[in-house]
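Please work through the following exercises with the sequence and the model at hand, taking each solution step by step.

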Amino acid sequence: MAGFDDLASERSKAQFDVEEMKVIWAGSRHTLEVSDRISRLVANDPVFRKDTRTMLSRKDLFKNTLRKAAHAWKRIIELRLSEEEAAELRFYVDEPAFMDLHWGMFIPTIKGQGTEEQQQKWLPLAYKMKIIGCYAQTELGHGSNVQGLETTATFDPQTDEFIIHSPTLTSSKWWPGGLGKVSTHAVVYGRLIIDSKDYGVNGFIVQLRSLDDHLPLPGITIGDIGMKFGSGAYNTMDNGVLRFDHVRIPRDQMLMRVSQVTREGKLVQSNVPWQLVYGTMVYVRQKIVSDASCALSRAVCIATRYSAVRRQFGLQSNGIETQVIDYKTQQSRLFPLLASAYAFRFVGEWLKWLYMDVNQRLQASDFSTLPEAHACTAGLKSLTTSATADGIEECRKLCGGHGYLCSSGLPELFAVYIPACTYEGDNIVLLLQVARFLIKTVSQLGSGKEPVGTTVYMGRVEQLMQCHCAVQKGFLELSADLVQAAVAHCQLIVVSKFIEKLQQDIPGKGVKGQLEALCNIYALFILHKHLGDFLSTGCITPKQASLANAQLRSLYSQVRPNAIALVDAFNYTDHYLSSVLGRYDGNVYPKLYEEAWKDPLNDSVVPDGYQEYIQPILKQQLRNARL
């Protein structure tokens, strides 16, 4: 077929070692081998098929997800998969499910905030999935403002218990994944009340459902919050609502690694620093950045392959139309997204290292790098998720009308991904936290405290010390400008980590050259996008701006012969991509035609409702009436 011929031809143009680029993308040869083996295991298992997902009712969709989750757990046990392999299997199953929160939030929170005794009690049950947990923090009335949570946990010294209660409608827990229908337990966040005094928000392990018949325990109202955006998408997840009516739990189910409540009702601080609580948050956010590179690269892979298969206009001498990917307008929209996917991958690798470094320091009571780690993970979570959500939608538009079909894989990918812009911190709120960190760093320049790490560049900007602002209301009035400053700071981190990657020993013919081109595209595209800011602040001259744009066009031409090979390096199976447009073999049009006939509307030639509604119109059997 023509599509196969086009992609085969494109692959023959590659000017670099694709196999080595696969290793670079995966992070190591070992990781690539594990990923490759597990992805193909999932792709070849009929239980994990995804092609009918958008056609199922909510109940059937959810039940099918339960079936896949159970089968995944069965395969993990049967094959004796390692923790790394099991995580890869859950990733390639590619369906939001209760397991995401169990492994991604419930277990890490207990590990990070539970005492050794609590970990010994709860983690073996969770690791063996004898209990299933979720993370119940967000409420109907409060999300980003954690300190505003209304759920209460009042200590009763008479019974040595906490009374968990939802005093208002807005204190209902709302949105936790896995809560609605599956979880047996939850880490619940509420206000610690002792002797009528409020000691702020703390975490508690609360059993929600019976382990015998799965019914909610006394005093607990629980259910699903309803359909979300998209067809299948995140509707495979049972996001839930939870209310407590004076539910009692033992005192030792308060997470007490940092602070403890004694039998006598005294709140005491342990010798473990409270800053350790941030370790879990840093872990989760660095994982979100890594996930952003996966989602964006998936969309870019689909759009790039389809752009090489699709031909439109520009009839050549041989009578063949021009490949869409050869149009400069297509390249100028697509290639910066390709560069972004690689950039986010590498900054995600760095964040993983940063998390491990910070965690080791925290264990040794070294908190010196915690503020920077918090700012980096918050800002990069915001930057990468926003860019990825926008990038997926741009890829859909790059695929023209066919990109709107569910069979393209892009509408569902978008619907599944966009919650990342809100969960684990609203993106604008996170940028404001970064801005506060930057303002504090600048304010300390005059005291002789040298900025370090990602802010070291501030030590070279002497003019900052001469800047004064006439704004009277301070931070709030300048918040929109500070958000932009935070974004710029995060963009600088992404570029610098890409450059650091290039400074490593990179094997393989032509690999480093292609990565350099992608790095330059990413940096110059950001400059082009914010050209007004660069010119108005005198950072560059108009002539330099013109040269930068010319260089960007030249780089697009340099990447063009390698585009298909660069997305092949992601090493995604057709099952994972779940896209007719992004098929590895390029056999797009016959498969689009074939998929159309699978729709339930085509089960019958004459549609249901014809005799009731269409025939009367066609036969004009409606009575005339005066209005």
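The domain bounds used below come from an automatic or database domain assignment, and the model itself is predicted.

**Exercise 1.** Determine how far apart the C-alpha centres of domain 1 and domain 2 lie, and describe the contact between the two domains.

Solution. Begin with the division of the protein, in which domain 1 comprises 1-31 + 279-619 and domain 2 comprises 107-270. The C-alpha centres of these two domains are separated by 35 Å. Turning to the contact itself, 13 residues of domain 1 touch twelve residues of domain 2. Between the two domains an area of about 890 Å² is buried, with 62% of it given by carbon and sulfur atoms. Within the area that domain 1 buries against domain 2, T280, E412 and A415 account for 44%, which is more than any other three residues supply.

**Exercise 2.** Work out how helix 6 and helix 8 are oriented towards each other, and which residues meet where they pack.

Solution. Take the geometry of helix 6 (residues 98-113) and helix 8 (residues 277-309), whose axes are 8 Å apart and form an angle of about 150°. Because angles over 145 degrees count as roughly antiparallel, helix 6 is roughly antiparallel to helix 8. Next, list the partners: helix 6 contributes G104, M105, P108, T109, G112 and Q113, which meet V277, T280, Y283 and V284 of helix 8.

Terms used
Residues are numbered from 1 along each chain as its sequence is written. This is a predicted model: local features need pLDDT of at least 70, side-chain atom pairs count only at pLDDT 80 or more; totals for chains, interfaces and linings use all residues. Side-chain values use heavy atoms; hydrogens and water are left out. Axes are lines fitted to C-alpha atoms, for helices over the stretch in contact, and angles run from 0 to 180 degrees between N-to-C directions. Helices (H or I, at least four residues) and strands (E, at least two) are DSSP runs, numbered from the N terminus. Angles under 35 degrees count as roughly parallel, over 145 as roughly antiparallel, 65 to 115 as roughly perpendicular and the rest as oblique. Contact means heavy atoms within 4.5 Å. Buried area is the accessible area (1.4 Å probe) that two parts lose on being put together, summed over both.
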